[in-house]
Amino acid sequence: MDAPSSQPPAAWLPDSGTASVADTPSSAEMTAASASQRPACFHCGLPCVTTLVQHGSHAFCCPGCLAVYALLTGHGLESYYRMNPSAGRRPAPSQPRFEFLDEPATRQRLVDYSDAQVTRMRFRIPAIHCIACVWLLENLYRLQPGIGGAEVHFGRRELRVAFDPARLRLSEVASLLSSLGYEPDLTLADLDAAPRPALDRRLWRQLGVAGFAFGNTMIFSLPAYFGLNRLDDPGLARLFGWYSLALSLPVLLFSARDYWMHAWTSLRQRRMQIEVPIALGLAALFGQSVHHLWTGTGEGYFDSFTGLVFFLLIGRAFQQKTYQRLVFDRDYRAFFPLSVQRRRDGREERVSLDSLEVGDRLILRHGELLPGDARLVEGPALLDYSFVTGEAEPVTRQPGDHLYAGGRQVGGAIEVDMVKPVSGSYLASLWNQEAFRKNVRSTFRNLTNRISRHFTLAVVAVALAAGLYWWMHNGARALSAPVAVLIVACPCALALAAPFALGTAQRELARRSVFLRSTDVVESMARVDEIIFDKTGTLTAPGTGVVNFHGPPLGEEAERWVYSLTRHSTHPHAVRIGESLETRHYPEPLMSFVENAGQGMEGRVHGHELWMGSAAWLISRGVAVPAEEATWDSAVQVAIDGAWRGCFRLTHPLRAEVRSLPARLAKRCRLALLSGDQPRERDSFRELFGPDVPLHFLQTPQGKLDFVAREQAAGRQVMMVGDGLNDAGALRQSDVGVAVVEKMHAFSPASDVILAASMVPALDRVLAFARSSVGVVRACLLLSVLYNLVGVTIAAQGRLSPVICAILMPLSSITVVVAATGLTSWRARRLLPRAGAPQEEPA
Amino acid sequence: MSVIYLLIPVSILVAGGFLWAFLWAVRSGQYEDTTTPAMRVLMEDGEEGRKEGPEGSQHDRHTS
């Protein structure tokens with residue numbers, strides 16, 4: 001979660017210093033170097049811009065990379081570079097300190113297991129990216145005595161390491177990883193985090209047992225279907241029946257267990273969920289089979305019974321798609337780092353957040369997050385709250401001001417005093433609300449269960465009617481006919497239609513970087529009739545503002561000076577101006593550089609005095625800034641040698657292709673915009689959304705949540721599209737919460753859908769596909785009802801033989817499965833944009 | 001034909017062995033991670049080979 005380290009300041013060397021290096025080692029590094037004509041670092045592959053360290057025939061960009069190289073070669077781990085020449089990652093120049101991990105309270109809540117001999121710990125390491133990383137991390141024991149075994153889970157970017165606590169501290173393990181360039185990602189949410197199983201192991205075991213039993217009972221049943229056993233030994237037929245019963249018992253008791261339990265709870269809550277008719281059908285099937293076997297009247301339907309359970313479990317397994325690296329229920333604690341710099345008794349130390357007390361003095365450096373509500377003591381602070389409030393512009397605060405948790409400091413270091421504990425901050429209090437407590441949405445309302453309610457009643461009615469009819473006409477069939485009805489009406493196909501259609505929809509969407517929490521979300525998406533957008537990060541792309549220069553053209557030379565100056569500041573405006581000029585210029589050395597927080601920066605380049613900053617600041621220094629330019633909100637004025645030369649205006653552009661989206665969505669849904677931002681761009685959004693759409697600015701997180709709740713109270717199915725913690729409440733409250741993420745696997749607030757930013761323009765097509773998928777489910781349900789009608793007609797006449805059952809059951813299931821998956825993927829190809837490279841490996 | 005009375009239990013036993021192997025594989029967590037083992041196959045082991053540490057790469061002994 002740490003902000004990417006910006007370019008190292010001021011240590012720039014003139015070109016002549018690097019040009020003297022002649023040979024670069026191999027062609028692999030040359031490709032990386034060719035872009036800038038500088039040698040590529042042998043370790044990290046980045047061009048050696050700032051520093052150059054020569055070691056043998058290899059060039060290194062910084063002492064950190066050289067240190068890793070020396071460490072690896074010193075321990076016989078050179079294979080690392082052979083396996084993947086671009087494996088290395090540059091270790092952070094200032095290594096974080098991890099001593100706080102050794103505090104007993106923190107340590108105990110982090111590790112998986114610990115005793116006197118061994119400690120096991122899982123580190124999440126986002127830098128893991130290739131086979132060489134896996135190899136190096138699993139050979140960690142060769143670098144550091146005391147480390148026992150290390151195992152990488154590549155899909156989750158996780159390292160599981162066991163070490164001897166007597167010889168090694170947890171902090172030393174973390175430091176070792178960090179110094180190798182594999183800095184562990186530690187957040188507050190890691191405390192007491194339960195390990196996340198990738199799959200439901202019990203379901204797979206149940207599936208295995210059911211498949212085994214199904215296959216073998218089929219073998220025993222086939223001779224009966226072809227009448228072979230009648231020609232031969234009648235004792236053999238009985239024996240086959242008993243074998244089938246023995247094989248079916250584990251299926252009855254273990255594999256189908258969840259169906260008995262769910263049916264029982266459904267009945268007790270007087271709900272006719274799909275499990276009820278399934279359990280009825282399974283019970284009737286098994287009971288009838290045992291009866292046949294006992295009385296010697298037949299071989300039973302054991303193959304149908306085990307096959308039914310097997311197919312049902314396959315449907316459930318298909319539905320349980322999980323993503324290894326995506327988490328749908330993150331709260332603010334996953335956004336917070338685990339530690340913070342504290343000053344106490346004149347000493348600075350890195351401490352764990354949960355050991356902070358009110359009154360502690362904290363030091364925050366560039367890019368660090370304010371973990372609790374605090375009072376600013378030292379320095380003007382420039383805090384970026386964009387993720388928390390939605391306000392795109394960083395805010396300036398003066399010493400003495402109250403600061404809310406969640407802001408990221410940009411610029412120099414500040415000191416603050418904690419006034420509330422971490423868990424008592426305004427941000428944290430949001431999570432204690434009602435909306436966050438309802439964790440699991442009820443699946444009671446989904447399509448399958450709504451249909452099964454009517455279905456169950458109809459089946460029971462037909463069974464009773466058949467029983468009554470035969471009781472009056474032919475007593476012998478009074479029991480067998482209703483049982484046959486229950487057997488054949490067992491809604492296997494009904495239970496399979498939704499898992500396979502919606503599971504396929506979920507997979508098709510995942511291939512296009514739209515990740516759903518569960519298959520039920522498809523149904524919720526199909527019902528959406530109101531879409532609420534958050535502005536920041538959803539419709540506009542964060543960070544990538546458009547920079548326009550206003551004023552007489554600066555000219556080549558002056559622009560280069562401006563670029564050289566911006567490279568030394570971490571202020572987001574300066575960074576963005578610098579990025580916009582980067583491709584055209586090379587930096588020149590600065591003679592001097594001073595940054596005045598909240599005002600601007602000044603520096604001397606090539607003998608010229610450059611001032612860049614707010615209009616007020618320049619005017620106070622006697623620069624004549626034209627009045628019409630001074631009114632612009634996000635602008636950086638430029639003065640060279642005391643004379644105004646123009647200004648850079650920064651605007652947040654809409655994401656590409658998003659322009660026509662509101663019009664396309666408005667055909668079916670109501671729209672609304674809720675922004676935590678200033679209303680400075682109201683006009684452009686009015687133009688985008690049209691005259692009728694409500695636009696609300698300056699919305700608090702609570703205000704957004706309330707708005708969603710009000711719309712829901714009016715009977716609408718609300719989809720909330722947001723990206724920040726400020727939307728978290730609204731995302732939770734809404735029927736479908738969509739979190740838009742720029743980078744997959746970056747922090748996203750709890751939501752139902754994680755949507756890649758590139759897919760925002762295709763939102764209308766995603767919704768159309770969801771509706772279409774539910775249409776497919778309906779069609780398949782119709783198909784299965786038709787099958788059931790045929791089956792029930794046969795059964796109600798009392799003519800259901802095991803052979804017909806054995807043919808009808810798999811036939812209906814398989815056609816439904818094929819139709820559900822086939823139709824859904826066909827609709828996906830028609831409706832959705834072409835699948836790109838999947839960003840999440842299939843689990 | 002009576003040999004079938006012997007062959008069927010034997011064949012079920014064999015099949016049961018495979019079922020047991022599957023259940024064991026699921027239980028020991030071999031399906032938890034399907035990508036990393038595929039990468040390990042391609043690794044250079046060097047002269048020393050990949051030693052197992054004292055606590056080895058035993059799958060999953062969560063204590064929670």
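Mentor: An axis here is a line fitted to C-alpha atoms, for a helix over the stretch in contact, and the angle between two axes runs from 0 to 180 degrees between their N-to-C directions. The model is a predicted one.

Start with helix H18 (residues 447-473) of chain A and helix H19 (residues 480-488) of chain A, which pack at an angle of about 160° with their axes 7 Å apart. Angles over 145 degrees count as roughly antiparallel, and H18(A) and H19(A) are therefore roughly antiparallel to each other. The crossing in which H18(A) passes H19(A) is right-handed. On the side of H18(A), the residues in contact are A:Val459, A:Val462, A:Ala463, A:Leu464, A:Ala466, A:Gly467 and A:Trp470. H19(A) meets them with A:Ala481, A:Pro482, A:Val485 and A:Leu486. Sorted by class, this contact of H18(A) with H19(A) has 10 nonpolar residues, 1 polar residue and no charged ones.

Next, take helix H12 (residues 257-268) of chain A and helix H13 (residues 275-295) of chain A, whose packing angle is about 125° and whose axes are 8 Å apart. That angle makes H12(A) oblique to H13(A). H12(A) and H13(A) have a left-handed crossing. H12(A) brings A:Tyr259, A:Trp260, A:His262, A:Ala263, A:Ser266 and A:Leu267 to the contact, while H13(A) brings A:Glu275, A:Val276, A:Ile278, A:Ala279 and A:Leu282. The classes in the contact of H12(A) with H13(A) are 8 nonpolar, 2 polar and 1 charged.

Helix H23 (residues 556-566) of chain A and helix H24 (residues 572-581) of chain A cross at roughly 135°, and their axes come within 9 Å. H23(A) and H24(A) are therefore oblique to each other. H23(A) passes H24(A) in a left-handed crossing. A:Glu559, A:Val562, A:Tyr563 and A:Thr566 of H23(A) are in contact with H24(A), which contributes A:Ala574, A:Ile577, A:Gly578 and A:Leu581. By class, the contact of H23(A) with H24(A) has 5 nonpolar, 2 polar and 1 charged residues.

H23(A) also lies on strands. The helix runs across E19, strand E20 (600-605), E21, E22 and strand E23 (643-651) of chain A, at about 60° to E21(A). Those strands belong to an open sheet of 6 strands with the order E18-E23-E22-E21-E20-E19 (chain A) and antiparallel pairing. Its edges are strand E18 (546-550) and strand E19 (590-596) of chain A; each has a single partner strand, so one side of each is left without a neighbour in the sheet. On average, with direction ignored, neighbouring strands of this sheet are turned by 15° against each other. Within the sheet, strand E21 (residues 608-613) of chain A and strand E22 (residues 635-640) of chain A form an antiparallel pair over 4 bridges. A:Leu610 has A:Ile640 as its bridge partner in E22(A).

Another open sheet has 4 strands in the order E3-E4-E6-E5 (chain A), again with antiparallel pairing. Strand E3 (113-114) and strand E5 (147-153) of chain A are the edge strands, each pairing on one side only. E3(A) is joined by 2 bridges to strand E4 (residues 119-124) of chain A, and the two run antiparallel. A:Thr119 of E4(A) is the bridge partner of A:Ser114. Helix H6 (residues 131-138) of chain A packs on this sheet, where it touches E5 and strand E6 (158-163) of chain A, and its direction makes about 160° with that of E5(A).

The domain assignment of chain A lists domain 1 (15-83), domain 2 (99-190), domain 3 (199-320), domain 4 (342-437), domain 5 (514-540 + 666-771) and domain 6 (546-651). Between domain 1 and domain 2 of chain A, 7 residues of domain 1 are in contact with 9 residues of domain 2. On the side of domain 1 that touches domain 2, helix H3 (63-74) and helix H4 (79-83) of chain A are the elements that give two or more residues. H4(A) gives the most to that side, with 3 residues. The residues of this side of domain 1 divide into 5 nonpolar, 2 polar and no charged.

Note on methods: Residues numbered from 1 in each chain as written. Chains lettered and ligands numbered in written order. Predicted model: local features only at pLDDT ≥ 70, side-chain atom pairs only at ≥ 80, totals over all residues. Parallel < 35°, antiparallel > 145°, perpendicular 65-115°, else oblique. Left-handed = near helix turned anticlockwise from the far one by under 90°. Contact = placed C-beta atoms within 7 Å. Nonpolar A, V, L, I, M, F, W, Y, C, P; charged D, E, K, R; others polar. Pairing = 2+ DSSP bridges. Domains from an automatic or database assignment.
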